[in-house]
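Hi there,

Here is the structure I promised to pass along. Please have a look when you get a moment, and my notes follow below.

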Amino acid sequence: MDLNAVVATCYALPVLVSVFTVRFFYVLWQSGQPASRPRTTGLRCLIVLGSGGHTAEMMNIVTTLQKDRFTPRYYVAALTDNMSLQKAQVYEQSLIQSDRMKTAESAHFMQIYRSREVGQSYITSIATTLLATLHAMWLVIRIRPQVIFCNGPGTCFPLCISAFLLKVLGLGWSSIFYIESIARVKKLSLSGLLLYKLRIADQFFVQWPQLKHEYPRACYAGRLM
(Lines give C-alpha, C1' and ligand atoms only; values in the text may rest on other atoms or scores of the structure.)
Protein backbone atom coordinates (compact mmCIF):
# COMPACT_ATOMS: atom_id res chain seq x y z
CA MET A 1 0.00 0.00 0.00
CA ASP A 2 1.51 3.34 -1.07
CA LEU A 3 1.60 6.52 1.03
CA ASN A 4 -1.35 8.13 -0.75
CA ALA A 5 -3.57 5.15 0.00
CA VAL A 6 -2.56 5.23 3.65
CA VAL A 7 -3.31 8.97 3.89
CA ALA A 8 -6.69 8.47 2.15
CA THR A 9 -7.58 5.69 4.56
CA CYS A 10 -6.64 7.84 7.55
CA TYR A 11 -8.96 10.57 6.32
CA ALA A 12 -11.79 8.25 5.27
CA LEU A 13 -11.98 6.18 8.45
CA PRO A 14 -12.93 9.03 10.83
CA VAL A 15 -15.54 10.20 8.31
CA LEU A 16 -17.08 6.74 8.10
CA VAL A 17 -17.09 6.39 11.89
CA SER A 18 -18.73 9.80 12.23
CA VAL A 19 -21.41 9.00 9.64
CA PHE A 20 -22.12 5.66 11.30
CA THR A 21 -22.36 7.30 14.74
CA VAL A 22 -24.75 9.99 13.49
CA ARG A 23 -26.87 7.35 11.77
CA PHE A 24 -26.90 5.21 14.91
CA PHE A 25 -28.24 8.00 17.10
CA TYR A 26 -30.72 9.04 14.39
CA VAL A 27 -32.15 5.52 14.37
CA LEU A 28 -32.39 5.57 18.18
CA TRP A 29 -34.24 8.90 18.04
CA GLN A 30 -36.50 7.89 15.16
CA SER A 31 -37.45 4.52 16.63
CA GLY A 32 -40.86 4.73 18.20
CA GLN A 33 -41.87 7.84 16.26
CA PRO A 34 -45.10 7.51 14.24
CA ALA A 35 -44.58 6.92 10.54
CA SER A 36 -45.08 10.01 8.38
CA ARG A 37 -47.11 7.97 5.89
CA PRO A 38 -48.47 4.92 7.69
CA ARG A 39 -49.33 2.06 5.38
CA THR A 40 -52.66 0.33 5.80
CA THR A 41 -52.00 -2.86 3.84
CA GLY A 42 -49.19 -5.21 2.95
CA LEU A 43 -46.89 -4.90 5.96
CA ARG A 44 -44.41 -7.78 6.03
CA CYS A 45 -44.74 -9.09 9.56
CA LEU A 46 -42.18 -11.17 11.45
CA ILE A 47 -43.68 -13.03 14.43
CA VAL A 48 -41.26 -14.62 16.88
CA LEU A 49 -42.52 -17.69 18.70
CA GLY A 50 -41.07 -19.21 21.85
CA SER A 51 -41.57 -22.53 23.55
CA GLY A 52 -44.31 -23.05 26.10
CA GLY A 53 -46.33 -20.08 27.22
CA HIS A 54 -44.56 -17.63 24.91
CA THR A 55 -46.22 -19.13 21.85
CA ALA A 56 -49.64 -19.27 23.52
CA GLU A 57 -49.39 -15.58 24.40
CA MET A 58 -48.11 -14.56 20.98
CA MET A 59 -50.79 -16.50 19.12
CA ASN A 60 -53.37 -14.80 21.33
CA ILE A 61 -51.97 -11.46 20.14
CA VAL A 62 -51.84 -12.60 16.51
CA THR A 63 -55.56 -13.40 16.54
CA THR A 64 -56.27 -9.70 17.21
CA LEU A 65 -54.24 -8.44 14.25
CA GLN A 66 -55.86 -7.12 11.09
CA LYS A 67 -54.91 -9.96 8.78
CA ASP A 68 -55.17 -7.91 5.58
CA ARG A 69 -52.87 -5.27 7.02
CA PHE A 70 -50.17 -7.54 8.44
CA THR A 71 -49.42 -9.74 5.48
CA PRO A 72 -47.46 -11.73 4.57
CA ARG A 73 -46.73 -13.15 8.02
CA TYR A 74 -43.44 -14.90 8.75
CA TYR A 75 -43.45 -17.11 11.84
CA VAL A 76 -40.02 -17.90 13.30
CA ALA A 77 -39.26 -20.41 16.05
CA ALA A 78 -36.12 -22.00 17.47
CA LEU A 79 -34.67 -24.98 15.64
CA THR A 80 -35.20 -27.19 18.70
CA ASP A 81 -38.82 -26.08 19.17
CA ASN A 82 -41.05 -28.70 17.56
CA MET A 83 -44.43 -27.42 18.71
CA SER A 84 -44.67 -23.66 18.15
CA LEU A 85 -44.71 -23.64 14.36
CA GLN A 86 -47.31 -26.40 14.37
CA LYS A 87 -49.64 -24.16 16.39
CA ALA A 88 -49.09 -21.30 13.96
CA GLN A 89 -49.73 -23.58 10.99
CA VAL A 90 -52.98 -24.82 12.50
CA TYR A 91 -54.09 -21.24 13.06
CA GLU A 92 -53.22 -20.12 9.54
CA GLN A 93 -54.96 -23.17 8.10
CA SER A 94 -58.10 -22.23 10.01
CA LEU A 95 -58.00 -18.79 8.34
CA ILE A 96 -57.80 -20.41 4.91
CA GLN A 97 -60.72 -22.71 5.68
CA SER A 98 -62.85 -19.84 6.94
CA ASP A 99 -62.20 -17.78 3.81
CA ARG A 100 -61.92 -19.74 0.58
CA MET A 101 -60.35 -16.74 -1.17
CA LYS A 102 -57.27 -16.80 1.08
CA THR A 103 -54.13 -18.59 0.00
CA ALA A 104 -51.35 -20.19 2.00
CA GLU A 105 -48.92 -17.65 0.51
CA SER A 106 -49.86 -15.16 3.23
CA ALA A 107 -48.01 -17.21 5.89
CA HIS A 108 -44.48 -18.61 6.00
CA PHE A 109 -42.83 -20.74 8.67
CA MET A 110 -39.12 -20.71 9.49
CA GLN A 111 -36.70 -21.93 12.14
CA ILE A 112 -33.60 -20.31 13.59
CA TYR A 113 -30.73 -21.40 15.80
CA ARG A 114 -31.45 -20.79 19.47
CA SER A 115 -29.11 -18.26 21.09
CA ARG A 116 -29.32 -19.91 24.50
CA GLU A 117 -30.89 -23.15 25.66
CA VAL A 118 -32.65 -23.35 29.01
CA GLY A 119 -29.99 -23.96 31.67
CA GLN A 120 -27.09 -23.24 29.33
CA SER A 121 -24.20 -21.33 30.92
CA TYR A 122 -23.72 -17.70 29.92
CA ILE A 123 -20.12 -18.38 28.88
CA THR A 124 -21.00 -21.06 26.34
CA SER A 125 -24.00 -19.06 25.17
CA ILE A 126 -21.66 -16.43 23.69
CA ALA A 127 -20.75 -18.72 20.78
CA THR A 128 -24.31 -19.92 20.23
CA THR A 129 -25.61 -16.35 20.36
CA LEU A 130 -23.09 -15.33 17.68
CA LEU A 131 -24.21 -18.22 15.46
CA ALA A 132 -27.86 -17.37 16.06
CA THR A 133 -27.17 -13.71 15.22
CA LEU A 134 -25.54 -14.59 11.90
CA HIS A 135 -28.50 -16.82 11.06
CA ALA A 136 -30.91 -14.11 12.19
CA MET A 137 -29.15 -11.53 10.02
CA TRP A 138 -29.58 -13.77 6.99
CA LEU A 139 -33.29 -14.22 7.75
CA VAL A 140 -33.92 -10.52 8.30
CA ILE A 141 -32.11 -9.58 5.08
CA ARG A 142 -34.13 -12.20 3.24
CA ILE A 143 -37.51 -11.19 4.70
CA ARG A 144 -36.97 -7.43 5.18
CA PRO A 145 -39.78 -7.28 7.75
CA GLN A 146 -41.56 -3.99 8.29
CA VAL A 147 -43.06 -5.06 11.62
CA ILE A 148 -41.65 -7.44 14.24
CA PHE A 149 -43.68 -8.88 17.12
CA CYS A 150 -41.92 -10.65 19.99
CA ASN A 151 -42.60 -11.40 23.64
CA GLY A 152 -39.49 -12.62 25.36
CA PRO A 153 -37.98 -15.86 24.05
CA GLY A 154 -34.21 -15.77 23.60
CA THR A 155 -34.79 -16.33 19.88
CA CYS A 156 -36.09 -12.79 19.51
CA PHE A 157 -32.93 -10.99 20.62
CA PRO A 158 -30.66 -11.79 17.63
CA LEU A 159 -33.55 -11.08 15.25
CA CYS A 160 -34.17 -7.67 16.81
CA ILE A 161 -30.45 -6.87 16.85
CA SER A 162 -30.23 -7.78 13.16
CA ALA A 163 -33.24 -5.64 12.30
CA PHE A 164 -31.78 -2.70 14.23
CA LEU A 165 -28.45 -3.08 12.43
CA LEU A 166 -30.21 -2.98 9.07
CA LYS A 167 -31.83 0.28 10.16
CA VAL A 168 -28.44 1.77 10.98
CA LEU A 169 -27.02 0.63 7.65
CA GLY A 170 -30.02 2.03 5.79
CA LEU A 171 -30.94 -1.35 4.30
CA GLY A 172 -34.45 -1.57 5.72
CA TRP A 173 -36.71 -0.29 8.48
CA SER A 174 -38.55 -2.53 10.93
CA SER A 175 -40.85 -1.34 13.69
CA ILE A 176 -40.16 -3.63 16.65
CA PHE A 177 -43.02 -4.27 19.08
CA TYR A 178 -42.01 -6.07 22.25
CA ILE A 179 -44.72 -7.39 24.58
CA GLU A 180 -43.30 -8.71 27.84
CA SER A 181 -44.78 -12.03 28.96
CA ILE A 182 -47.57 -11.89 31.51
CA ALA A 183 -45.48 -14.27 33.61
CA ARG A 184 -43.05 -11.41 34.25
CA VAL A 185 -44.64 -9.61 37.19
CA LYS A 186 -41.76 -7.93 39.05
CA LYS A 187 -38.83 -7.96 36.64
CA LEU A 188 -38.23 -8.23 32.91
CA SER A 189 -37.00 -11.31 31.14
CA LEU A 190 -33.38 -11.26 29.96
CA SER A 191 -34.47 -10.57 26.38
CA GLY A 192 -36.79 -7.80 27.52
CA LEU A 193 -34.16 -6.23 29.75
CA LEU A 194 -31.60 -6.17 26.92
CA LEU A 195 -34.04 -4.67 24.42
CA TYR A 196 -35.17 -2.09 26.99
CA LYS A 197 -31.67 -1.04 28.06
CA LEU A 198 -30.38 -0.89 24.47
CA ARG A 199 -33.52 1.00 23.32
CA ILE A 200 -33.95 -1.32 20.38
CA ALA A 201 -37.71 -1.87 20.60
CA ASP A 202 -39.86 0.85 19.06
CA GLN A 203 -42.71 0.06 21.45
CA PHE A 204 -42.17 -1.82 24.71
CA PHE A 205 -45.27 -3.15 26.46
CA VAL A 206 -45.65 -4.65 29.94
CA GLN A 207 -48.72 -6.30 31.43
CA TRP A 208 -48.26 -5.40 35.10
CA PRO A 209 -48.34 -1.85 36.56
CA GLN A 210 -45.37 -2.50 38.85
CA LEU A 211 -43.20 -3.16 35.80
CA LYS A 212 -44.29 0.18 34.36
CA HIS A 213 -43.22 1.81 37.61
CA GLU A 214 -39.86 0.04 37.52
CA TYR A 215 -39.27 0.69 33.79
CA PRO A 216 -40.88 4.07 32.99
CA ARG A 217 -40.22 3.97 29.25
CA ALA A 218 -42.43 0.89 28.95
CA CYS A 219 -46.12 1.15 28.06
CA TYR A 220 -48.59 -0.50 30.43
CA ALA A 221 -50.97 -2.42 28.17
CA GLY A 222 -53.00 -4.21 30.82
CA ARG A 223 -53.37 -7.95 30.74
CA LEU A 224 -53.48 -9.19 27.17
CA MET A 225 -54.18 -12.81 28.06
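To start with a question: is Cys-160 buried or exposed? Cys-160 is buried, and its relative accessible area comes to 0%. Please keep in mind that this is a predicted model.

**Cysteines**

Cys-45 is buried as well, again with a relative accessible area of 0%. For Cys-160, the closest cysteine sulfur belongs to Cys-150, at 3.7 Å. That is too far for a bond, because a disulfide needs the two sulfur atoms within 2.5 Å.

**Ser-181**

Next, where does Ser-181 sit? You will find Ser-181 in the loop that runs between β5 (175-179) and α6 (190-198). Its relative accessibility is 5%, so Ser-181 counts as buried, the cut-off for that being under 20%. The Ser-181 side chain also has a polar partner: a polar contact of 2.8 Å links it to the side chain of Glu-57. Leaving aside residues up to four places away in sequence, Ser-181 touches Glu-57, His-54, Asn-151 and Gln-207.

**Backbone**

A few backbone details may interest you too. Which residues does a cis peptide bond join? They are Thr-71 and Pro-72, with omega at about 0°. Pro-72 belongs to the loop between α2 (53-62) and β2 (73-78).

Then there are two arginines to look at. Arg-144 has a positive phi, about 50°, although it is not a glycine. Arg-144 is in the loop between α4 (125-143) and β4 (147-150). With a relative accessibility of 35%, Arg-144 counts as partly exposed.

Arg-199 is the other one: its phi is positive, about 60°, and Arg-199 is not a glycine either. The loop between α6 and β6 (203-206) holds Arg-199.

If you open the model, I would begin with Ser-181 and its polar contact to Glu-57, then turn to the cis bond between Thr-71 and Pro-72.

Best wishes

Conventions: Residues numbered from 1 in each chain as written. Predicted model: local features only at pLDDT ≥ 70, side-chain atom pairs only at ≥ 80, totals over all residues. Heavy atoms only, no water. Buried < 20%, exposed > 50% of the residue type's maximum accessible area, 1.4 Å probe, protein only. Helix = DSSP H or I, 4+ residues; strand = E, 2+ residues; numbered from the N terminus. Polar contact = N/O pair within 3.5 Å; in protein donor to acceptor, adjacent residues only side chain to side chain. Contact = heavy atoms within 4.5 Å.
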